[in-house]
Amino acid sequence: MKIPGEFVDELKAKCGPGEECAALLFGVGDSVKAWRWMRNVAGSPVEFRLDPEEVYAAVKAAEEAGLELVAIFHTHPGAPIPSPLDLKHMRMWRVVWVIANVYTAELRAWRMAGDRVEEVDINVV
């Protein structure tokens, strides 16, 4: 998956350990072309929940611009690997899940392949 360096710069400036940071990543194929930072309605450092109305508006605007939802991004207060809760939601939202360590900005990406999770290569461009 190709992720713009500008997105990584924004996550470093925007995201902190007090609350998981989340964004929807839009693009074509495996290339991220745009993103929308989302409000974490859970307000938690170890969990995120998105407002369904906000998600709908973001996806609709992206589709009108010819883009599709290609990934869901969020931070973790540690290793960027899927938590049990992530795995549950990954089964429902079968797009790539990009996770960042909030302290180091290390990025890793994952997707469901059948009933197992597989890592997706990331290329910051």
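Glu119 is partly exposed, at a relative accessible area of 42% (buried is under 20%, exposed over 50%, partly exposed in between, with a 1.4 Å probe and protein chains only). The structure is a predicted model, in which local features need pLDDT of at least 70, side-chain atom pairs count only at pLDDT 80 or more, and totals for chains, interfaces and linings use all residues. Residues are numbered from 1 along each chain as its sequence is written, and side-chain values use heavy atoms, with hydrogens and water left out.

Glu119 has a partner in Arg108: the two form a salt bridge with their closest N and O atoms 2.8 Å apart (a side-chain nitrogen of Lys or Arg within 4 Å of a carboxyl oxygen of Asp or Glu). This pair links distant parts of the chain, with Arg108 in strand S6 (residues 107-113) and Glu119 in strand S7 (residues 116-120), 11 residues apart (strands are DSSP runs of E, at least two residues, and helices runs of H or I, at least four, numbered from the N terminus). Arg108 is partly exposed too, with a relative accessible area of 24%.

In total, seven salt bridges are counted. A network of them links Arg39, Asp51 and Glu54. Arg39 meets Asp51 at 3.1 Å, N to O, and Glu54 at 3.6 Å between the closest N and O atoms. Arg39 lies in the loop between S3 and H2 and Glu54 in helix H2, so this pair ties together parts 15 residues apart in sequence. Arg39 is partly exposed at 45% relative accessible area, whereas Glu54, at 18%, counts as buried.
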